[in-house]
Every structure is written in C-alpha cells, then in structure tokens.
Amino acid sequence: MKWSKHSGLVSIAALALSFSAMSAAAEPVTIRVSYSPASLKTLYETVAERFMEMYPEIEIELEAPAASYDELVQQTIMQSIVGQMPDISHQGLNQIRTLADRGLAVPLNDLINNDPKWDEIGVPEGTISYAAFGGETYGLPFAISVPVLYYNVDLIREAGGDPSNLPTTWDDVFNLSRKIDAISPTVSGHYLEYTNNSWSFQTFLASFGGRMMSPDESQIEFNGDAGLRTLELLQDSVGHGQPALERDQARQAFGAGTLGILYTASSSLAGFERTASGKFEVKVGQFPVSSAAVSLPAAGNGIVMLTREPRKQEAAWQYMRFAIGEIGQRIMVETTGYTPVNVRALANPDGLGGFYNENPNYAVATESIESMTGWYSFPGENNSRIIRIIEDYTHEVVSGTREPASALADMTEEVAKLLPK
C-alpha cells in the first residue's frame with residue numbers, strides 16, 4: 001500500500017474495534033515519544049508513568065528532549081530520512097503543518113470519527129482546529145500557553161503601585177515600569193519577550209487586529225498597520241527602559257527579583273513560583289489588547305502520530321487520548337503553567353476546577369481560552385526559515401539598528417521569497 005500525506009492509517013475498522021483497551025492476549029507494545037524542551041521532563045515522565053499504570057500492555061519510551069520546538073521538528077525530519085522517527089511527538093503547534101506538508105504526520109480524522117467515545121473526551125472542536133490544515137486534523141493539542149504579564153508584587157508596592165489594580169494598557173505598563181526602574185540601579189522595570197519562534201510577533205500583531213496572511217494564503221498581511229504598530233511597540237519598550245537582555249537572561253532576572261514586569265507565556269508560571277518562593281510574590285495579569293474582539297494565538301504543543309504500523313497506531317491513539325483527557329490534563333496543569341485543552345477537566349470541582357479556585361494565578365490564563373486562535377505556521381517547507389527571518393528583523397528593531405518601517409518592508413520581501421509560488 002502506498003502512503004501519502006492524506007493516507008496513514010492502517011485498517012481503521014480494526015482500530016475502531018477496541019479504543020478502550022488493547023487485547024490482553026497480545027504481546028506488550030512499546031511506543032517511542034519525543035518532546036521539547038528538557039525543562040518539561042518531569043511532565044512527560046509523569047504522564048507516561050500514569051498512563052502505563054492504566055495500560056500495562058503499552059510501554060512508553062521517552063526520547064532525549066530537543067532544545068526547542070524548532071529543533072524538534074528539524075530532528076524529526078532528519079529521523080524520517082534515516083527511518084528512525086518516534087511513534088508520537090509533542091510538536092510545537094506552529095510546526096505541525098511542516099510535518100503534514102511533508103507527509104510525515106498521520107492524518108487523524110478517521111480515528112476521531114471512528115472513536116465511539118470521542119464526544120465524551122471534552123476537547124472542543126475549535127481547539128482541535130489548532131492542528132488542522134486543509135480539512136484534516138494532524139495533531140491533538142495537548143498544552144496551550146497564552147500570553148500574560150508577570151508582576152513582582154513586592155517591587156510594585158515599593159514603587160508605590162497597587163497590585164490589586166494591574167495595568168490594562170501598554171502605556172500603563174510602561175508608567176509602572178518607570179517607577180519600578182527608579183527603585184534601584186540593580187532593578188529593571190520591564191521586559192517584553194520578542195524571541196520565541198515568532199509567537200510574540202504574532203501575539204502583538206493579533207492584539208492590534210492584524211494577521212500573518214490572508215485567509216486564502218495568497219498574500220502577506222503582517223506588513224500592514226498592525227505589523228508596524230507591533231515593531232513600534234517593541235521600539236517604544238526599549239525607549240521606556242527595557243534592558244538589553246536575551247530572553248533567558250530576562251527570565252532569570254525576574255526569578256531573581258530584579259525585574260518588575262515580564263511579558264512571556266503562561267507556561268512559565270510554575271517555574272517562576274518555585275524560583276520566587278520565599279523571596280517575593282508573583283502575580284499574573286492579562287495581556288493588553290486593542291479590542292475585546294481580537295483573538296490571540298495559542299502557543300504550546302500538540303501530539304502528532306508518526307507511526308504507520310497498525311499495532312503501534314492503536315497504542316499511540318490510546319496515549320494521545322489519555323494525554324488530552326482529564327487525568328493527563330490535570331498532570332500537565334499541576335506540573336507546569338500551561339492551560340488545559342480539556343473543558344471537562346476545567347469544570348470538574350474535584351479536579352482542575354478546584355485547583356484553579358485555590359490557585360488564582362493559574363486561572364488568569366484560562367480566562368483567555370475562548371478567545372484564542374491557532375499559532376500560525378506558513379505553508380510549504382520554509383516555516384522554520386521564515387520564523388528566523390521574522391525574529392532577526394525584530395531583534396534589529398529592538399537593538400536600535402533598524403527603524404520599524406524599514407525592517408517591516410525588508411522582512412516582508414524576504415518572507416515572500418520563501419513562500420510557495
């Protein structure tokens with residue numbers, strides 16, 4: 001049987017016979033799972049351990065983590081060339097399309113449609129669409145990260161601010177930042193992340209009502225007013241005192257208590273709370289938007305099936321369903337700051353519902369779920385190269401070597417060359 005990017009499931013009818021458990025008489029099956037980054041090792045180990053307790057006939061073998069989503073997708077492509085791909089991979093939501101376009105990701109529509117208990121799983125169709133392209137689903141969203149602002153409550157109070165009345169506009173953020181910056185030469189007011197697989201650029205762009213490309217993907221649209229406002233905001237951020245730090249340095253500064261406000265992803269919350277414990281209080285605030293009608297892109301990852309072997313596909317599907325189910329989602333939330341994709345888990349007062357009542361910082365991100373959209377990935381095989389181009393020009397604006405309008409024009413020209421003709 002020949003395979004294409006539109007065919008990947010062996011014997012759908014056979015798989016549909018048993019979604020609740022594999023045959024007890026069958027030999028144990030091992031499925032390899034890849035993920036990124038290493039900081040999430042505990043999460044994936046815990047999910048795998050709990051899964052194997054419930055499905056002892058399936059063994060999960062975790063691969064060594066890749067450093068980033070971009071490195072993971074490149075690693076997966078190389079593995080496909082030498083015939084060593086894992087069976088499942090937790091890929092960045094903006095990288096799944098690359099695997100689909102190359103015919104590596106197994107389409108899941110038939111599995112979903114033939115799963116008799118799919119409607120009970122609790123993941124909305126809109127969320128599933130984050131990993132759907134051309135009418136076919138190629139991944140199941142597992143962990144969502146939304147844009148938030150982290151505040152050092154102690155520094156806000158020292159600067160004369162009110163932690164119960166957090167900023168709602170960028171002007172308010174910068175005004176508070178200047179007060180924090182004046183506390184001490186060793187303290188910085190704020191930092192807006194701008195290098196994270198172009199997610200920040202997309203987030204700022206969307207917050208101003210823009211989008212990356214037209215709905216039919218026939219033309220670039222990030223080069224309009226929203227794109228210019230995005231780069232101007234980042235330029236203004238530096239003008240209002242953003243320190244010349246790399247992303248990881250800024251995160252370390254916030255954890256050390258020397259940075260007052262940090263814009264990044266909600267998935268960093270658990271780490272920040274651990275680092276700040278006993279030193280200062282962390283509070284999470286909403287990301288400022290130009291209108292309540294805008295939809296911001298959800299970062300995070302989705303689970304992609306890569307195996308073409310029938311028995312492993314059955315085991316892989318069991319793992320995927322478990323990971324996005326109530327148990328897998330609770331493990332994910334309590335281990336990280338990611339936002340769950342499972343609304344049943346959110347509504348369960350004995351599960352995540354109770355957890356969020358007791359942990360209001362984590363609940364802030366869930367307030368944005370209904371307004372989130374997919375993390376855009378460009379068509380064709382150059383998504384990773386385009387991401388780097390966008391980040392390179394954004395860095396030039398932040399470093400003061402390029403003006404926003406000039407950077408946007410050249411960025412648009414370079415990206416256009418890499419899009420399918």
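Strands β3 and β12 run antiparallel and are joined by five bridges, helices (H or I, at least four residues) and strands (E, at least two) being DSSP runs numbered from the N terminus. The model is predicted, so that local features require pLDDT of at least 70 and side-chain atom pairs count only at pLDDT 80 or more, whereas totals for chains, interfaces and linings use all residues. Residues are numbered from 1 along each chain as its sequence is written, and side-chain values use heavy atoms, with hydrogens and water left out.

Pairing in sheets is made through backbone hydrogen bonds, either parallel or antiparallel. Strand β6 is joined to β12 (residues 299-305) by five bridges, and these two strands run antiparallel. Here Leu-140 is the residue whose bridge partner in β12 is Ile-303.

Strand β12 is largely enclosed by the rest of the structure, because seven of its seven residues are buried (buried meaning under 20% relative accessible area, exposed over 50%, and partly exposed in between, with a 1.4 Å probe and protein chains only). In a regular strand, side chains alternate between the two faces of the sheet. Both faces of β12 are covered, with Ala-299, Asn-301, Ile-303 and Met-305 buried on one side and Gly-300, Gly-302 and Val-304 buried on the other.

Axes are lines fitted to C-alpha atoms, for helices over the stretch in contact, and angles run from 0 to 180 degrees between N-to-C directions; contact means heavy atoms within 4.5 Å. Ile-81 lies in this helix (residues 69-81) and counts as exposed because its relative accessibility is 61%. Together with Met-78 and Val-82, Ile-81 forms a nonpolar surface patch with about 330 Å² of accessible area. Patches are made of residues with over 30% relative accessible area and no salt bridge, like charges being joined within 9 Å and nonpolar side chains (Val, Leu, Ile, Met, Phe, Trp, Tyr) within 5 Å. A salt bridge is a side-chain nitrogen of Lys or Arg within 4 Å of a carboxyl oxygen of Asp or Glu, and accessible areas come from the Shrake-Rupley method with a 1.4 Å probe, only the protein chains shown counting as cover for residues.

A further open sheet is formed by four strands in the order β8-β9-β7-β10, again with mixed pairing. Its edges are held by β8 and β10 (282-286), each with a single partner strand, so one side of each is left without a neighbour in the sheet. The twist averages 20 degrees from one strand to the next. Strands β8 and β9 (residues 259-265) run parallel and are joined by four bridges, with Ile-261 in β9 as the bridge partner of His-190. Helix α11 (residues 247-256) packs on the sheet and touches β7 (147-152), β8, β9 and β10, its direction making about 130 degrees with that of β9. Helix α12 (residues 269-276) also packs on the sheet, where it touches β7, β9 and β10, and its direction makes about 150 degrees with that of β10.

Several backbone features fall in loops. Most residues other than glycine have a negative phi, and most peptide bonds are trans. The bond from Ser-36 to Pro-37 is cis, with omega near -10 degrees, and Pro-37 is placed in the loop between β1 and α2 (41-54). Asn-197, although not a glycine, has a positive phi of about 60 degrees; this residue is located in the loop between β8 (188-192) and α9 (199-207) and counts as buried because its relative accessibility is 16%. Glu-217 likewise has a positive phi of about 60 degrees. Glu-217 is found in the loop between α9 and α10 (225-239) and, at 25% relative accessibility, counts as partly exposed.

In helix α18 (residues 383-399), Thr-394 is buried, with a relative accessible area of 1%.

Key: Two strands pair if DSSP finds at least two bridges between them.
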